[in-house]
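Have the sequence and the 3D view open while you read.

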Amino acid sequence: MDLRPSRRGLLQTAALASAWLAASRPGQALPHLRRVKADGFVSGHLTGAQAVVATLKQMGCCAVFGIPGAQENELWDTFKGEGLPYLLVTHEFSAACMADGCARSTGRPGVLAVVPGPGVTNSLSGLGEALLDSVPVVAIVGDVGNCEKAHPFQVHSLDQVALLKPVTKCVFKVDRIGQIPCTIQKAFILSVSGEPGPVAVVIPYNLLIEAAEFDVPPQMEPELLYDQPAAEKAFALLRHRKLRVGIYAGQGAMPASDLLVQAAEMLDAPVATSISGKGVIPENHPLAVGWGYGPQGTRAAEHVFGEVDLLLAIGVRFSEVATGYYSNRRPRYMIQVDANPNNLGAVLKPDVCVASDSGVFLSQLLTQGQVLKRGENSGFRAHIHKLKCSDQELTHKNYGVCGIDPLQLILALRRHMPCDGLLFTDVMLAEHLAAESFQALQPRTYFNPTDNQAMGWSIPAAIGAQFAFPGRTVVTLTGDGCFLMSALETTTAVRANLPVKFFVLDNQSYQYMQALQLPAYKRTTATMLANLNYPSLAAAFGLNYVEIQCRSDVDAQVKEALGCCVPTLIRVITDYGERPIRWIEAVRKKYTKELTVAQKTRFLARVSSRTMHFRQTCND
Ligand SMILES: Cc1ncc(C[n+]2csc(CCOP(=O)(O)OP(=O)(O)O)c2C)c(N)n1
């Protein structure tokens, strides 16, 4: 037997050793679970397409979403040949959203494969959502031929790299077949490094059909960021027991949700979250106060954080939507921890900025238990409990007159969905009601397209998540406008037998736009939608169908729909009535406050004149 170490063995040992050394250097990154699973070598005599697939597998890719085309048929044939799961979609916007939904729900990079030209342009809104919402996605993008295949006027010969640049963290262009594995490895690693986001790899089609020898080892992820001196300043501030600490946590803390809960318990600190941070602490935890903490969020959070002296913000950016147009106040003292140094102090100016991975920061914080631990204040927890109960009581008031009040549907969904059920909300008025009142009970169970607000996102995103978790309950909540944007994608769920439950709040209008337009313009413009024949649409698409018309039927029909083991369309005849929405009120107040005197005068003059002249205000 040859006992000499192989080159592969040596490389693997060296990689592990350097990771361990990096991890154990004092004050540097700690050994943490790596979010990219890199396994085995890409080796042998392979075509470019085989090298792509072998690298995707090496990096732990569990599925590819997309549409084949002339430049990528070789690749799709190889997905099939090599047993890499794939899902054909109806539109590349959906491919990007599915990769996004898969990534948000699994915590690992999601993958899409699209053709150049229209495949790329169709995918841009979805990639933009992943970029602005910090979601790790890897896009494998075909390109027209290069080198001897670089003919003039090739089909789809748009500048793929230039198109993709603004919606990704980085675009890598592959020029030679030998670059394929390392470039895809780099893309995966970059997608999860620091603040996650989408990365694209553009590969000319001729490279997919060439063949070459490969022997490419797995790549290790770079060290996790940790600024020890800044963290020590933060710990020193947290030592002041007279300062009541409040934690505001975002999606950046999601991979460390268990540590976050332990830290909150150690500091006896209430926890509010951003929208995409929902679930980072179970919202029925005694210290969880819900979404927001400003006037746009839950009342409980606003009230409790009104008494907070020191804000510890972790993995959260204070973006426009999550803060209700920057309505979150800055308490007396503030610490901000974020893996992207550019996010630190971008909106509110902290006393201490810690450029750090949330998990590393939190695990270091937990080692400070002896000096930082605070006793459990049962009176304070009872106070939070009381506030949450009174919030809940308020939600039971029904405002719907000619249909279902969406909040009643949202509460019924919570009652009947299992704790690990996944809810994907879309860009609609009810997204703010759901953020406020749907309790996320586990990490990675509540999802919203927050910062790009791409209508129609939830339907493909949910299909992507259901593909990753075939056994879990997956639900979308859209308005009819959002549904219309992605309705055809429900046929993908039917074709692949993915039992997503598509709830549509049908009010034949863009209620959200009406809520914004009416107070400012005293009329609405371009907000009315078609009266669809939903049963026929469901039949044509092959969807199971449930219709909720009556308030008294909500619970029974939600339960029935959730129990179906096939993709199901649930039309909910919706009436918001006069339901007040805290997010809308907060935004209006802050926005109005910022208008100049001249702007205010113009707005007021227009509103008064229209109030006098219009009998009917809502004329689309
Ligand atoms: C792609 C895209 N186009 C336009 C908008 C602006 N917009 C935001 S919400 C909305 C209406 C959503 O309609 P619907 O799904 O019916 O929900 P509702 O307004 O009734 O709550 C529009 C047009 C957007 N966010 N995204």
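1. Some ground rules. This is a predicted model, in which local features need pLDDT of at least 70, side-chain atom pairs count only at pLDDT 80 or more, and totals for chains, interfaces and linings use all residues. Residues are numbered from 1 along each chain as its sequence is written, and side-chain values use heavy atoms, with hydrogens and water left out.

2. Start with the open sheet. Its six strands come in the order β16-β15-β17-β18-β20-β19, with parallel pairing. Strands here are DSSP runs (E, at least two residues) and helices are too (H or I, at least four), numbered from the N terminus. Two strands pair if DSSP finds at least two bridges between them. Which strands are at the edges? They are β16 (446-447) and β19 (544-548), each pairing on one side only.

3. Now look at β18 (residues 501-506), which runs parallel to β17 (residues 474-479) and is joined to it by five bridges. Find T476, and you will see F502 of β18 opposite. Six bridges also join β18 to β20, again in parallel; here F503 has I570 of β20 as its bridge partner.

4. Buried means under 20% relative accessible area, exposed means over 50%, and partly exposed is in between (1.4 Å probe, protein chains only). β20 also pairs with β19 in the parallel sense, over five bridges, and L569 in β20 is the bridge partner of Y545.

5. Next, strand β9 (residues 245-249), where five of the five residues are buried. In a regular strand the side chains alternate between the two faces of the sheet. Check that by eye: V245, I247 and A249 point one way from β9, while G246 and Y248 point the other way, and all are buried.

6. On to two helices. The axes of α4 (residues 92-106) and α17 (residues 458-468) come within 6 Å and cross at roughly 50 degrees. The axes are lines fitted to C-alpha atoms, for helices over the stretch in contact, and angles run from 0 to 180 degrees between N-to-C directions. That makes α4 oblique to α17, as angles under 35 degrees count as roughly parallel, over 145 as roughly antiparallel, 65 to 115 as roughly perpendicular and the rest as oblique.

7. Which residues make that contact? S94, C97, M98, G101, C102, S105 and T106 come from α4, and P460, A461, I463, G464, A465 and A468 from α17. Contact means heavy atoms within 4.5 Å.

8. Finally, T183, which sits in helix α7 (residues 180-192). Buried or exposed? T183 is buried, with a relative accessible area of 7%. Leaving aside neighbours within four places in sequence, T183 is in contact with F172, V174 and V201. F172 is 11 residues away from T183 along the chain, and their C-alpha atoms are separated by 6.9 Å.
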